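Thanks for coming. I'll walk through one protein model this morning, starting with the overall picture and then going through its parts.

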Amino acid sequence: MTSILIATRSSDLALFQARQVQEALTERGVASELKTYKTVGDKRLDQPLSEIGAKGLFTKELEDDFAAGRVHCCVHSLKDLPTEMPEGLEVVALLPREDPRDVLLVNAAVGARTLTALPGGTRVGTSSLRRRAQLLALRPDLEVVELRGNVPTRVRKVDERVVDAAILAAAGLHRLGAADRIDQYLDAPDWLPAAGQGAIAIQIWAGDGKSRELFAPLGDAPTMIDTAAERAFLAALEGGCQVPIGAAVLRGAGGSTLHGFIADVRGERVIRGSMPLDESAPSRTGAALAKTLRDQGAGDVLATLHRAFDVPSPQPE
C-alpha cells in the first residue's frame with residue numbers, strides 16, 4: 001500500500017480524528033488520504049436517534065465501501081461503533097483516549113453554570129437517551145429537549161438560546177478547540193459517559209496482516225483495556241441508541257474499577273453497579289458487571305425498553 005485511503009465521516013470532529021491517524025502514519029513515513037461520507041445519522045437530523053433505530057447509524061456507509069474494497073481502513077468514534085460489527089471487521093487499534101466525560105454548556109443568560117444550580121424548567125438539549133435518563137434522575141424539574149447536529153451546531157443552538165443548556169462530550173469540544181465553552185464537567189461515577197467515549201478507533205479486515213502490522217502499533221494499551229471492559233458491559237446488555245446505558249473505567253492508586261448503569265428513559269429507575277477491573281481479562285469484567293445488574297432487575301428495564309421501541313428483547317447468556 002503506497003498510499004492509505006482512510007474512510008471517515010465528513011464532520012469537523014470526524015475529520016480532526018481521522019487526521020490524527022494520518023499524522024501518526026506520516027510520522028512512520030506512510031502517505032494517506034481521506035475519503036469522506038455522510039451517514040444516515042448525519043442526514044436524518046429531523047428524527048431522534050432512538051426513533052431511527054438501526055445499528056450503525058454513523059458507520060454503515062463507511063463499512064459498506066470498505067467491504068467493497070474502495071478504502072483501506074475506517075476511522076470511527078468508538079462510541080458510534082456497534083459492539084457487533086460486520087463479519088470479518090475488527091478494531092485493530094485505539095488512539096490515546098481524550099477526556100471521556102460529558103460536560104454541561106449553559107447560555108450566559110440563564111445565570112447558572114452547574115446542573116444543580118439550573119432553575120427549574122431550564123430547557124436542556126441532548127439527543128442521547130443515556131443523557132436524558134441521567135438528567136431526569138437528577139433533576140426531574142428540567143425540560144429535556146431533543147438536540148441533533150454536529151458539535152458546532154449544538155454549541156450555536158445554546159448561544160442562540162434555541163435551548164438554555166446542552167450536554168455534550170468533553171472530547172469533541174477539546175478536539176475542536178472549544179474547551180472554554182464548558183461550564184461544568186460531569187464526573188464519574190455519579191454521571192457516566194457512553195462506553196468507549198473519547199476513543200478513536202481504527203477498523204480493518206481481521207485477516208489483513210499488512211494492515212495489522214501498519215496500524216496495531218498506533219494502539220494505546222490503557223485505552224484498549226478500559227474500553228474493552230466498557231463495551232463488553234454494553235454488549236452483554238445489548239445496548240444501543242434505544243437503551244440508556246453508561247459505563248466508565250476509573251483508574252486510581254488502588255487499581256481500576258468499572259462502573260456501569262442502565263435506566264428507563266424517564267430516569268425513574270436507575271440500576272448502578274461497579275466491579276474491580278481485571279486488566280488481564282477486561283471483557284470478562286464487563287460481562288460480569290452486566291450479569292450483576294441483571295440480577296438487580298436490569299432485565300426488566302431492558303424488556304420494557306425493547307417493548308417501547310418494538311425490538312426483540314435480548315436473552316441473558
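First, some ground rules. This is a predicted model, so I'll say that local features need pLDDT of at least 70 and side-chain atom pairs count only at pLDDT 80 or more, while totals for chains, interfaces and linings use all residues. Residues are numbered from 1 along each chain as its sequence is written, and side-chain values use heavy atoms, with hydrogens and water left out.

Now the overall picture. The protein has ten helices and 13 strands. Helices here are DSSP runs of H or I with at least four residues, strands are runs of E with at least two, and both are numbered from the N terminus. Of the 317 residues, 51% are buried. Buried means under 20% relative accessible area, exposed means over 50%, and partly exposed is in between, with a 1.4 Å probe and protein chains only. The accessible surface is about 14100 Å², and carbon and sulfur atoms hold 49% of it. That area comes from the Shrake-Rupley method with a 1.4 Å probe; for residues, only the protein chains shown count as cover. Among contacts with a separation of 6 or more, 67% are between residues 24 or more positions apart. A contact means heavy atoms within 4.5 Å.

Let's start at strand β1, residues 3–9. Five of its seven residues are buried. β1 pairs with strand β2, residues 31–37, in the parallel sense over seven bridges. Two strands pair if DSSP finds at least two bridges between them. One of the bridges links Ser-3 to Ala-31 in β2.

Next, a sheet of five strands. In what order do the strands of this open sheet run? The order is β7-β6-β8-β5-β9, and the pairing is mixed. β7, 143–146, and β9, 184–186, are the edge strands, each pairing on one side only. From one strand to the next, the twist averages 30 degrees. As for angles, axes are lines fitted to C-alpha atoms, for helices over the stretch in contact, and angles run from 0 to 180 degrees between N-to-C directions. Strand β5, residues 102–106, pairs with β9 in the antiparallel sense over three bridges, and Leu-104 stands opposite Gln-184 in β9. Helix α5, residues 129–138, lies across β5, β6, β7 and β8, at about 170 degrees to β7. Helix α6, residues 151–159, also packs on the sheet, where it touches β5 and β8 and makes about 160 degrees with the direction of β8.

β11 and β12, residues 255–263, share eight bridges in the antiparallel sense, with Leu-250 opposite Thr-257 in β12.

Two packed helices are described by the angle between their axes and the distance between the axes. The axes of α9, residues 221–236, and α10, residues 282–308, come within 7 Å and cross at roughly 35 degrees. Residues of α9 in this contact include Ala-228 and Phe-233, and those of α10 include Leu-289 and Arg-294. By class, the contact has eleven nonpolar, two polar and one charged residues. Nonpolar covers Ala, Val, Leu, Ile, Met, Phe, Trp, Tyr, Cys and Pro; charged covers Asp, Glu, Lys and Arg; the others, Gly among them, are polar.

Last, some single residues. Most residues other than glycine have a negative phi, and most peptide bonds are trans. Arg-161 has a positive phi of about 60 degrees and lies in the loop between α6 and β8. A cis peptide bond, with omega about 5 degrees, joins Ala-188 and Pro-189. Pro-189 is in the loop between β9 and β10.

Is Arg-175 buried or exposed? At 9% relative accessibility, Arg-175 counts as buried. Arg-175 is found in helix α7, and its contacts include Phe-16, Glu-98 and Ile-200.

Notes: Lists of a residue's contacts leave out its neighbours within four places in sequence.
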